There are 2 protein chains.
Amino acid sequence: MPFEPSPAAGEEQMTLRDFQVLIDRMYSRKDEARGIEGTFMWLMEEVGELAAALRDRERHSHADLAAEFADVLAWLATIANVAQVDLQQAVLAKYGDGCPGCGEMVCACGDEEKP
Amino acid sequence: MPFEPSPAAGEEQMTLRDFQVLIDRMYSRKDEARGIEGTFMWLMEEVGELAAALRDRERHSHADLAAEFADVLAWLATIANVAQVDLQQAVLAKYGDGCPGCGEMVCACGDEEKP
């Protein structure tokens, strides 16, 4: 089933840049003290919580599951901030012109191939 | 050091919604066959590659490091697609009005507290 954006999401949009800057403003003071390795530990904890929510979806509301995705994104943005990596630029460079494997906007790589 | 968006990124912007839809269009055919568990394995592989690039930054160019972030984001979006989670809505709901802990746009939670 193709992804269907939630109609309840309204019209508010957020660019990857805006998100990264929001997280930077919110947490940069702590991020610098924690460094990349310390921050990576937090990312892993959130990845674990996402795994738990995905594995046991009957006991998690859709909103709870969504919040786990948001947390993983936030910690990934935090690490990108500390590493001075521009996520939006990174995504546009790697995926903006098509699948990195075959170059097509709808991937035509063989099924045995990544990804 | 606060995050400095790359000037080389130019003016092209991408919303979280656009990114999720792009990845859905590019890979949804394969994603459905792989399912959430199979896709999570790919996410973990990419998280490992990101860890390697972060740990050994001297042997990775900044572009290579950025590409590893892009891959993690792409697999996270893929899982969100399969789970029908709207990443943009998730992020706005959790972080759009401030730190989930203290409610401030610049986090004022105590240092001993998450996050």
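This short report looks at chain A as a whole, then at its helix α1, and finally at one residue of chain B. The model is predicted.

## Chain A at a glance

Let's start with the overall picture. Chain A contains 3 helices and 0 strands, so its pattern along the sequence reads α-α-α. Its C-alpha atoms fill a box of roughly 45 × 35 × 35 Å along the principal axes.

Of the 115 residues in chain A, 52% are buried.

## Surface and charges

Chain A exposes about 5400 Å², and carbon and sulfur atoms supply 51% of that area. The chain carries 10 positive and 22 negative charges.

Helix α1 of chain A covers residues 16-55. If a helix of 40 residues were straight, it would span 58 Å. In α1, however, the end C-alpha atoms are only 27 Å apart.

Now over to chain B, where M1(B) sits in the segment before α1 (16-55). M1(B) is exposed, because its relative accessible area is 61%, and exposed means over 50%.

Which residues does M1(B) touch, leaving aside those up to four places away in sequence? They are E32(A) and Q84(A). Within chain B, the C-alpha atoms of M1(B) and R34(B) are separated by 40 Å, and these two residues are 33 residues apart along the chain.

How values were computed: Residues are numbered from 1 along each chain as its sequence is written. Chains are lettered from A and ligands numbered from 1 in the order in which they are written. This is a predicted model: local features need pLDDT of at least 70, side-chain atom pairs count only at pLDDT 80 or more; totals for chains, interfaces and linings use all residues. Side-chain values use heavy atoms; hydrogens and water are left out. Helices (H or I, at least four residues) and strands (E, at least two) are DSSP runs, numbered from the N terminus. Buried means under 20% relative accessible area, exposed over 50%, partly exposed in between (1.4 Å probe, protein chains only). Accessible areas come from the Shrake-Rupley method with a 1.4 Å probe; for residues, only the protein chains shown count as cover. Lys and Arg count as positive and Asp and Glu as negative; His and the chain ends are not counted. The place of a charge is taken as NZ of Lys, CZ of Arg, CG of Asp or CD of Glu. The expected span of a helix is 1.5 Å times one less than its number of residues. Contact means heavy atoms within 4.5 Å.
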